[in-house]
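The sequence and the structure are shown first.

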Amino acid sequence: MTEVKSDIEIARSVEMEPIVDVAKRAGFEEDDLEFYGKYKAKISQEAINRFAKNEDGKLILVTAITPTPAGEGKTTTSVGLTMGLNKLGKKSIVCLREPSLGPVFGVKGGAAGGGYAQVVPMEDINLHFTGDLHAMTAANNLLSALIDNHLQQGNALDIDPRQIVWKRVLDMNDRALRNVVVGLGGKTNGVPREDHFMITVASEVMAALCLASDLEDLKDRLSRMIVAYKYDGSPVTAGDLNAQGAMAMLLADAVKPNLVQTLEHTPALIHGGPFANIAHGCNSLIATKLGLKLSDYVVTEAGFGADLGAEKFFDIKCRLGGLHPDAVVIVATIKALKMHGGVDKKNLKEENVDALKAGFANLGRHIENMQKYGVPVVVALNRFIFDTDAEIETLTKLCNDYGAEFALSEGWEKGGDGMLDLAEKVVEATEKENHFHFLYDEQASIVEKLETIVKEIYRGAKVTLTPAAKKQVKTLEKYGLDKMPICIAKTQFSFSDDKNAVGAPTDFEITVQNVRVSAGAGFIVCETGDIMVMPGLPKEPAANNMDVDGDGNMTGLF
């Protein structure tokens, strides 16, 4: 029996090209690059400006069915599709999010693709990379320090300490920091108050950076961020504290996109990384727009299932960034669909066409939802060796009956060669008639926008706001902060706000517990269910199985 190599073993078996060579094929000169060693570089603003007049290529979104513990392989498909397009003679670039250390050391592990469809250097990308997330953590917490210092120094802005909404962040899963008290220890140590931590990728700093057009725009967005409310109920912004300049200094390098490569040496732009179950789940607009100027086809992904990541990609990122997607790829696996059809995880390798048909209800709904946006849809089956011909034939027919093209995705095993079928179908899809439009009018009321998403995308029957959420909505309406897109924070494991309701539930009720505005990013966050903005580690964290030897060789990361 052939031994299956781990992702990190595969990555180490392929010799990387110097990033300067990868950059030249993308169209850059050496002076356009700011090097982080031999295999990573940031792209200068001058280079971005130079390509601004180029025509845009085609924009392809990769999304997925509702996640299950069986896994789907969205990043692997995104990387593989880009390599497949290049093998077809198309100039293609993949634009991905930066991994967060929380999931890396928690449950999910790395987020650089897998098998022979990876971006490298994978250890660097999954750990400190170019320091972007550390810079965002510092900028966020600088603002927190300035808020508490303002209280200590006399509180000239009349901030109500009970209504400070800005939270500290850490790029790690640490449940003990969810609710804390700061300022203890006497008069010289600050004003005692309740505080909270979020994971860095949930910070509005991350969202603002990912939706900014350049450093100057980012600084403006930072200044608009609401950090607290006064005793009279009016909002206090980071600009009121004169924090935006210093924060922007910390982010001056982080705002520049990062260039790396796939295992087949095709260019990859990896920049920004908001979670889709908490924030908007897409890589930076700067990187995506740069990719469109450099290539014929840009492949990008949105986090978790299409009900979260894809909806936010369309209604937030495309709306605010003026993007027009040309095709959508929905990634599915037969084992995950069988799990949605009621099969226990330990029995997923056994053929079960009936369970596949039952679980297809989940994929079918995602197909319908993507078609509502007027964009051509292709389903990519991330194929496993135990998938049977009968199951594949059944899934092909079901997808075709829904008006979606179907293609096999075998990038994990075969790299770009295993993605030619999907690449060809995607190219064909981008040439089809396209009537892309948004799901709702951002000028509608907050409740109207919520109801549209819940009923049209989730297929729920009703939205209920808690008394606290209703009060928060009225506050936003009072200060004219309600005419923005909606970003729903919700469990990724279900269309509903109940993570155990797998498949395709209907007629459920969504409860919104908290409504807050990300005025700098430009959207309104509605928190549902028991969503956590600071995740915790599992009973057996992935970190327990990681190590590095005296020569710097890492194990257990993948």
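## Charge and surface

In this predicted model, the mean positions of the 59 positive and 77 negative charges of the chain lie 4 Å apart. Lys and Arg count here as positive and Asp and Glu as negative, with His and the chain ends not counted; each charge is placed at NZ of Lys, CZ of Arg, CG of Asp or CD of Glu. The accessible surface of the chain amounts to about 21,800 Å², and carbon and sulfur atoms contribute 50% of that surface. Areas come from the Shrake-Rupley method with a 1.4 Å probe, and for residues only the protein chains shown count as cover.

The model being predicted, local features need pLDDT of at least 70 and side-chain atom pairs count only at pLDDT 80 or more, while totals for chains, interfaces and linings use all residues. Residues are numbered from 1 along each chain as its sequence is written, and side-chain values use heavy atoms, with hydrogens and water left out.

## Overall fold

The chain contains 19 helices and 25 strands, where helices (H or I, at least four residues) and strands (E, at least two) are DSSP runs numbered from the N terminus. Its radius of gyration is 23 Å, close to the 24 Å given by the globule rule for 558 residues, so the chain is as compact as a globular protein of that length. The radius is taken over C-alpha atoms, and the rule is 2.2 Å times the number of residues to the power 0.38. Along the principal axes, the C-alpha atoms fill a box of roughly 70 × 55 × 50 Å.

Of the 558 residues, 59% are buried; buried means under 20% relative accessible area, exposed over 50%, and partly exposed in between (1.4 Å probe, protein chains only). Among contacts (heavy atoms within 4.5 Å) with a separation of 6 or more, 75% join residues 24 or more positions apart.

## Cysteines

No disulfide, defined as a pair of cysteine sulfur atoms within 2.5 Å, is found in a search of the whole structure. For Cys95, the nearest cysteine sulfur is that of Cys282, 12 Å away. Cys95 is buried because its relative accessibility is 0%, and Cys399 is buried at 0% as well.

## Two helices

Helix α11 (residues 285–294) is mostly covered, with eight of its ten residues buried. Among them are Leu285, Ile286, Leu290 and Leu294.

In helix α17 (residues 420–430), the buried residues include Leu422, Lys425, Val426 and Val427. The elements covering the buried residues of α17 include β3 (58–64), α4 (74–87), β16 (297–301) and β17 (327–332).

## Individual buried residues

Lys490 is located in the loop between β21 (486–489) and β22 (509–518), and its relative accessible area of 0% makes it buried. Beyond residues up to four places away in sequence, Lys490 touches residues including Asp307, Tyr458, Asp497 and Thr528.

Glu98 occupies the loop between β4 (92–96) and α5 (101–105) and counts as buried at 5% relative accessibility. Leaving out residues up to four places away in sequence, its contacts include Phe129, Asp132, Asn258 and His271. Glu98 and Thr130, 32 residues apart in sequence, are 9.9 Å apart in space, C-alpha to C-alpha. Ile159 belongs to strand β7 (residues 159–164) and is buried at 0% relative accessibility.
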